[in-house]
Amino acid sequence: MGSVTEEELIQMVTDFIESSESVPDSLSSPKSPRQSKSLTLQEIIWKATDHENEILDKISIYLRDIESMIDQPKNLKNKWVVMKLKMDGYEASLCKTSWVSSVKLPNDDYEYVDVMMKDNNLLKVTRLIVDMDFKSQFELARPSPSYKELKDILPDIFVGTEEKLDKVISLVCSAAKKSLKKMGLHVPPWRKATYMQSKWLSKDCKKISISPTNMELSIISQMH
């Protein structure tokens, strides 16, 4: 083997330095549990299906067309979205869930929108849950910095499958529990995953069909 020239030696050193600088962050600096949870939640939220993107785009258009609806109460926005989706040919309904949370708390109820999406072959139906005020459902009075960072990732308007929603609830409620304990606070029943799941995933769900014509007149009258 011949001796290495000065030029070759310089190139070898340069290649070594460049390869060292290009080491992935995941190898050079392991992510903290806080960063890991944030990245996991981002991945869940951002990994949207075509159906989810389609409905979210529709809702964005509805709200952009009538800006005055953005500041209306959530129950009014729910009815408005159902009405507009039905007018566009979607199988949308207003859903009201109710459940017994515990012996210490009265029966609770919640309202959201669901949309039944059919695939092109009409053989599979996917249920999408739409919540027009999603992020606020996970508010804490005194959140830790890590929980606030996680909560801020949540969208104001959620559109997703039951499976996707369940993953989000489990992850965020686990973080909420740690946040509350870190701040020296008791974890109330309404901040536990089982309670939050009951809001959207309760088996006791009453679907309310809305007639677009009648509902439009009702909504317009409530806005004035």
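Hi everyone. Let me begin with a definition: two strands pair if DSSP finds at least two bridges between them. With that in hand, meet strands E1 and E2 of this predicted model: they run antiparallel, joined by 9 bridges. One example is Lys 96, whose bridge partner in E2 is Glu 111.

Now let's step back to the sheet. In what order do the strands of the open sheet come? Reading across, the order is E4-E3-E2-E1-E5, so to speak a row of 5 strands, with antiparallel pairing. At the edges you'll find E4 (158–161) and E5 (205–208), each of which pairs on one side only. On average, neighbouring strands here are turned by 35° against each other, direction ignored.

On to the interior. In soluble globular proteins, nonpolar side chains tend to be buried together. In our model, the largest nonpolar core has 29 residues. Which residues have the most contacts inside it? They are Leu 41, Phe 134, Phe 138, Val 168 and Trp 200. Two or more residues each come from helices H3 (33–46), H6 (145–151), H7 (162–182) and H8 (193–201), and from strands E1 (91–99) and E2 (108–118). The largest share belongs to H7, with 9 residues.

Please find Phe 138 on the screen for a moment. Leaving aside residues up to four places away in sequence, Phe 138 touches Tyr 147, Lys 151, Leu 154, Ile 169, Val 172, Cys 173, Met 196 and Trp 200. Apart from this core lies another one, of 20 residues, including Tyr 62, Leu 94, Val 113 and Leu 128.

Methods. Residues numbered from 1 in each chain as written. Predicted model: local features only at pLDDT ≥ 70, side-chain atom pairs only at ≥ 80, totals over all residues. Heavy atoms only, no water. Core = buried A, V, L, I, M, F, W, Y, C linked by side-chain atoms within 4.5 Å. Buried < 20%, exposed > 50% of the residue type's maximum accessible area, 1.4 Å probe, protein only. Helix = DSSP H or I, 4+ residues; strand = E, 2+ residues; numbered from the N terminus. Contact = heavy atoms within 4.5 Å. Axes fitted to C-alpha atoms, helices over the stretch in contact; angles between N-to-C directions.
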